[in-house]
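This report describes selected local features of one protein chain.

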Amino acid sequence: MPQITTKVLSFAVLGVLALALSGCGDANPQASFDPAAGKHPANWLPAGHSAAAEEDVNGCTECHGEDLKGGIAKVSCLTCHIGGATSAHPVLWGGLAYALHGGYVRTNGTASCATILCHGTALSGVTDSGPTCTNCHMAGTAQAPQIHQWGGVGATTAANIAGHVNYFETAPRISFTTCRNAVCHGATLAGVFASGPSCIKLGCHGSGNPLPAEN
């Protein structure tokens, strides 16, 4: 084989190898991957990677594997995404995570939630990721939360009614603020599907508005 042909083939092979080795950093322009350092920037997780994945999740497969379970990066997306590589929560939860997470935790515990990139190791929340459990759970601990500061498992209806009346009378502004949100009793206390009931339509407050004007 002529010497010039051999050199051309050698350069071609080297070029292909270079492209293969650098591909991990070039597949997704949103990935902000630093090939020299061999990793993403320090602020990549938890929020930084979302934009890149939403832009082109296939751009992640070159490093994390076709199934996104590790690949050459040896970092599986399933470490945090318990519903699959592209779903942080079980897919069937849909928009009802607020209502369905309780059953999951009772069955599986909080190990998959209590991580530094999800809800925090103490379940106190992570910026741009999972909120603190105490946003909704007013009593107990993050690991063993209780929604209200009264009642609890096994409490009678009478005890629950008496408990919430006492709570409102003690700190009405705080009380209404903690109840009035999209996943508890709703912004107007009209209730939330599969969560807190309406304060108006169950015969408790009749047809009137339970909210004082200043709240």
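## Helix H2

Helix H2 bends by about 25 degrees at Ser50. The model is a predicted one. Residues 44-56 make up this helix, and its end C-alpha atoms span only 16 Å, whereas a straight helix of 13 residues would span 18 Å at 1.5 Å a residue. Buried residues in H2 are Trp44, Pro46 and Ala52.

## Aromatic pairs

A pair of aromatic rings is described by the distance of the centres and the angle of the planes. With ring centres required to lie within 6.5 Å, the count comes to two aromatic pairs. In the pair of Trp93 and Tyr104, the ring centres are 5.8 Å apart and the planes stand at 85 degrees; because an angle over 60 degrees counts as edge-to-face, the pair is assigned to that class. Trp93 is located in the loop between helix H3 (58-64) and helix H4 (97-108), while Tyr104 belongs to helix H4, so the pair ties together parts that are 11 residues apart in sequence. Trp93 and Tyr104 are both buried.

Trp150 and Tyr167 form a tilted aromatic pair, with 5.4 Å from centre to centre and 40 degrees between the planes. Here Trp150 occupies the loop between strand E2 (145-146) and helix H5 (157-170), and Tyr167 is part of helix H5; the pair therefore ties together parts that are 17 residues apart in sequence. Trp150 is buried, as is Tyr167.

## Thr61 in helix H3

Helix H3 contains Thr61. The relative accessible area of Thr61 is 14%, and because this value is under 20%, the residue is classed as buried. When neighbours within four places in sequence are left aside, Thr61 is in contact with Glu66 and Leu68.

Where does Thr132 lie? Thr132 is placed in the loop between H4 and strand E1 (139-140). Its relative accessible area of 18% is under 20%, so Thr132 is likewise buried.

Not counting residues up to four places away in sequence, Thr132 touches Leu123, Ser124 and Gly125. The side chain of Thr132 also reaches the backbone oxygen of Leu123 at 3.5 Å. A further polar contact, of 2.9 Å, joins the side chains of Thr132 and Thr134. Along the chain, Thr132 and Ala142 are 10 residues apart, and their C-alpha atoms are separated by 8.0 Å.

Terms used:
Residues are numbered from 1 along each chain as its sequence is written. This is a predicted model: local features need pLDDT of at least 70, side-chain atom pairs count only at pLDDT 80 or more; totals for chains, interfaces and linings use all residues. Side-chain values use heavy atoms; hydrogens and water are left out. Rings of Phe, Tyr and Trp (its six-membered ring) pair if their centres lie within 6.5 Å; planes under 30 degrees apart count as stacked, over 60 as edge-to-face and the rest as tilted. Helices (H or I, at least four residues) and strands (E, at least two) are DSSP runs, numbered from the N terminus. Buried means under 20% relative accessible area, exposed over 50%, partly exposed in between (1.4 Å probe, protein chains only). The expected span of a helix is 1.5 Å times one less than its number of residues. The bend at a residue is the angle between axes fitted to the seven residues ending there and the seven starting there. Contact means heavy atoms within 4.5 Å. A polar contact is a pair of N or O atoms within 3.5 Å; within protein, one must be able to donate a hydrogen and the other to accept it, and residues adjacent in sequence count only if both atoms are side-chain atoms.
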